[in-house]
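User: I would like to see how the words used for a protein structure follow from its values. Please show me the structure, and I will ask about the terms.

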Amino acid sequence: MNSKMIKSKTLDVCTVTVPRESYYRLENSISHHIKAGADKVVISHDIEIVDSFVFNNKKRQTSPLVSVVMPVYNAELYVFEAVESILQQTFEDFEFIIVDDASTDNTRIVLDKIQDSRIVRINNTNRTGNYKCRNQALDICKGKYVCVMDADDISYLERLRKQYEFMENYLEYAAIGSDILFFSEQSSTRLFERLRDPDEIKVSLLKDNVATHPSLIIRKDILEKNKIRYNEEYFYSGDYDLLVQISRIGNITNYPEPLLQYRLSNNQISQSKRLEQMMYADRIRLRQLSNFCIKPSIEEILIHLSLMNDFPISKKQLEQAEKWCNKLLVKNNKLKIYKQESLYNFLGQRLSVMIKYSH
């Protein structure tokens, strides 16, 4: 293996440059240099996607309990506060993987000033996108749990401890989010309470995401055993799809108090790319119909999307919607995909909304 090794006397850092195909063979080399006394090992790929990332070698001896994953792109105004909200957690056994997706502002300068041995940095040379960055981090994270974080939000200091203790005590849950507190520079804070009941959450995913993505903590073994990753084809709805995948494996709930302050801004995906987000979300909604072993007609597809998006319909379409809901209930009663009562209540609510807006 052709590699260059430079040990800095001032920083006590080993730098290793390798071809991508040799990267995963570096474990023994890294371990050797840790034993030699290097404080950090910096590995630079000679590929465009990843420029470098830093391993904390003290944590290499024993895996952290939690891996916090946070992509960042041009967040110079907010990233320091987001990072500090994690570093100041009362629960300290974590690694913090930060993926800078080729920021063009001063984000990297801000991050360079933050020194903490728990931080693992990936610096992309070309912008690859939010979900690609999250998958990069998932591929290297070592924790028992994966904590999701955004670069413009703020985690409450007890967040990791409370979510970790919940997951340790309730093994039937694959993931947990939390209530959140919306905030912005222009308006006052607003509490948003999320669903709690796992059966209600599972069936509600037919319509939309029911957990605030950066409030989630997920069992890593669930992701690994079931090969679950963000689908990078769903550019603005990959977090919705991820939760749908997880819901097929285990229960999901939300912690009954806010553990995250969620920043509202005009630069967010949900604001600037709303129409595209809806298109990708519709694809996820329709894909879930395969759970029912149904091949819907064009008319049924339109009815289903109207139900899930709260679109107004005609009186004639309302009759078709009732037939469609009954078809889903009959299939579910046979296949036992969802709790029947939860599905019945969910579809009843959707029909009530359509009746209200029908013309």
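Analyst: The questions and answers below set values against definitions. This is a predicted model; local features need pLDDT of at least 70, side-chain atom pairs count only at pLDDT 80 or more, and totals for chains, interfaces and linings use all residues. Residues are numbered from 1 along each chain as its sequence is written, and side-chain values use heavy atoms, with hydrogens and water left out.

User: What is the mean pLDDT of the protein?

Analyst: The mean pLDDT is 84, and 81% of the residues reach 70 or more. pLDDT is the predictor's confidence in each residue, from 0 to 100. Over residues 1-60 the pLDDT is below 50. Where pLDDT is low, the predicted coordinates should not be read in detail.

User: What makes the rings of Phe-91 and Tyr-164 a pair, and which kind is it?

Analyst: Rings of Phe, Tyr and Trp (its six-membered ring) pair if their centres lie within 6.5 Å; planes under 30 degrees apart count as stacked, over 60 as edge-to-face and the rest as tilted. The centres of Phe-91 and Tyr-164 are 4.8 Å apart and the planes are at 40°, so the pair is tilted. Phe-91 lies in the loop between H3 and S6, and Tyr-164 in helix H6 (residues 159-169), so the pair ties together parts that are 73 residues apart in sequence. Helices (H or I, at least four residues) and strands (E, at least two) are DSSP runs, numbered from the N terminus. Phe-91, Tyr-145 and Tyr-164 form one aromatic cluster. The structure holds eleven aromatic pairs.

User: How do you know that S5 and S6 pair?

Analyst: Two strands pair if DSSP finds at least two bridges between them. S5 and strand S6 (residues 94-100) have seven bridges, in the parallel sense. Ser-67 stands opposite Glu-95 in S6. S5 also pairs with strand S8 (residues 145-148), in the parallel sense over four bridges. There, Val-68 stands opposite Cys-147.

User: What makes strand S5 mostly covered?

Analyst: Seven of the seven residues of S5 (residues 66-72) are buried. Both faces are covered: Val-66, Val-68, Met-70 and Val-72 lie on one side, and Ser-67, Val-69 and Pro-71 on the other.

User: What is the handedness of the unit made by S5, helix H3 and S6?

Analyst: S5, helix H3 (residues 79-87) and S6 make a right-handed β-α-β unit. A crossover is right-handed if, with the strands pointing away from the viewer, the path from the first strand over the helix to the second runs clockwise.

User: What sets the phi of Ala-102 and Lys-227 apart?

Analyst: Most residues other than glycine have a negative phi, and most peptide bonds are trans. Ala-102 has a positive phi of about 60° although it is not a glycine. Lys-227 has a positive phi of about 50°, and is not a glycine either. Ala-102 is in the loop between S6 and helix H4 (107-112). Lys-227 is in the loop between H8 and H9.

User: Are these two buried or exposed: Ala-102 and Lys-227?

Analyst: Ala-102 has 15% relative accessibility, so Ala-102 counts as buried. Lys-227 has a relative accessible area of 74%, so Lys-227 is exposed.

Key
Buried < 20%, exposed > 50% of the residue type's maximum accessible area, 1.4 Å probe, protein only. Contact = heavy atoms within 4.5 Å.
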